[in-house]
Amino acid sequence: MKVLIVDDTNTDRLLLKLHLSKMGFSVIEATDGQEAINQFVLNAEDLDLILIDVQMPNVNGIDAVKAIRDIQKQQKQEWLPVIFLSASAEDEAIEEAITAGGDDYLIKPISQKILAAKMLAMQRIADMRRRLVESNRLFEEMASTDYLTDVANRRSFEVLLTHEMSASRRGLSCLACGVFDLDKFKAVNDTFGHDAGDAVLIAVVERIKHVLRQSDVIGRLGGEEFGIILPNMDINEVLVVFDRYRSAIEESPIVHENVEIPVTISIGVTVFNGGNETKEELLKRADEALYEAKETGRNKVVYRP
Ligand SMILES: Nc1nc2c(ncn2[C@@H]2O[C@H](COP(=O)(O)OP(=O)(O)OP(=O)(O)O)[C@@H](O)[C@H]2O)c(=O)[nH]1
């Protein structure tokens, strides 16, 4: 557990540091409120607790904690426990400290036993907080990822598309968007089985990912339909690039359990017109191009500027 100790009195700070280090905590220090804010910003990622004196010159403990809570709120950070340290046992002082954002209040001189007990409680909170942060991260990942192919799901693909459209508006760069669909995929399922169909979907995505640039996006729009976003494209290259994806699928069959499954895809492509065009309009145009590719023979790219 990493603890920030803030106290302008050297002896108090060093004594606390000694006790906490003996208990096995890693300690960083600050000698006033402003330094506390700076240290918090630098260490926000892995800090577990702040122990902060109330009375300090310049920025006092109360103002520093208010500023830290504001930063946390703005940056949507997880809660970080704060314990105030003060010689004052007045009800009003305790009330002010907790209102400012403190979680506990220790009266100086601090008993070693009380400090050890409080640190045990804070350790529990820190562990709980870590688990919460990790499960939130996992939850967000699951909520935005397609369970089968591990690429962006429709919801997160649309969020990314909106984001890339704004970037394209600002930078006046060309943004290409493609929608592709496996050809006669029902026949793959019917002939080779649903598991083989799943394996084909995974393999197709892997092949496309292999030829995408780092900044490109692929997402599953549903069933056997996928979307591709290509930011910063050269408009003259759009067709060539998407045809490379098409041929990457056609060039060799997908092998599943030693069985060769020939697969092709049809792609509908368009480019973002800028201005007030919405993502729905953009995707609709790409979908219409895909429909035309299907209607006119499949295994082809149709471009609708
Ligand atoms: N294995 C598997 N099949 C899926 C999945 N999602 C959708 N499908 C199948 O994809 C097939 C889509 O069939 P259709 O919409 O008739 O299209 P198609 O056979 O690909 O024909 P065209 O698109 O016209 O070339 C259906 O059989 C769905 O069951 C999936 O996650 N796994």
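In this predicted model, Asp53 stands opposite Leu85 of strand 4. Strand 3, residues 49-53, and strand 4, residues 82-86, pair in the parallel sense, and four bridges join them.

Strands of a sheet pair through backbone hydrogen bonds, in either a parallel or an antiparallel manner. Here, the sheet is an open one of five strands, arranged in the order 2-1-3-4-5 with parallel pairing. Strand 2 (26-30) and strand 5 (104-107) stand at its edges and have a single partner strand each, so one side of each is left without a neighbour in the sheet. On average, neighbouring strands of this sheet are turned by 20° against each other, direction ignored. Helix 2, formed by residues 33-43, packs on the sheet and touches strand 1 (2-6), strand 2 and strand 3. The direction of helix 2 makes about 165° with that of strand 1.

The annotation may now be set beside these elements. An unreviewed UniProt entry places the feature "domain: Response regulatory" at residues 2-123. Over residues 2-123 the chain is 48% helix and 20% strand, and the end C-alpha atoms lie 10 Å apart.

Which residues come nearest to the ligand? Of the 16 residues around the ligand, these are Asp183, Phe185, Lys186, Gly197 and Gly223. Several elements contribute to the shell: strand 6 (174-182), helix 7 (185-192) and helix 8 (194-211) each supply at least two residues. Helix 8 gives the most, with four residues. Sorted by class, the shell around the ligand has eight charged, four polar and four nonpolar residues.

Finally, the chain may be considered as a whole. The protein chain has 10 helices and 12 strands. Its radius of gyration is 29 Å, well over the 19 Å that the globule rule gives for 305 residues, so the protein chain is more spread out than a compact globule. Taken along the principal axes, the C-alpha atoms of the protein chain fill a box of roughly 85 × 45 × 25 Å.

Definitions and conventions: Residues are numbered from 1 along each chain as its sequence is written. This is a predicted model: local features need pLDDT of at least 70, side-chain atom pairs count only at pLDDT 80 or more; totals for chains, interfaces and linings use all residues. A residue is near a molecule or strand if its C-beta atom, placed from the backbone, lies within 6 Å of it. Ala, Val, Leu, Ile, Met, Phe, Trp, Tyr, Cys and Pro count as nonpolar, Asp, Glu, Lys and Arg as charged, and the others, Gly among them, as polar. UniProt positions are given in the numbering used here, feature names are shortened, and annotations may be inferred rather than shown by experiment. Two strands pair if DSSP finds at least two bridges between them. Axes are lines fitted to C-alpha atoms, for helices over the stretch in contact, and angles run from 0 to 180 degrees between N-to-C directions. Two residues are in contact if their C-beta atoms, placed from the backbone, lie within 7 Å. The radius of gyration is taken over C-alpha atoms; the globule rule is 2.2 Å times the number of residues to the power 0.38.
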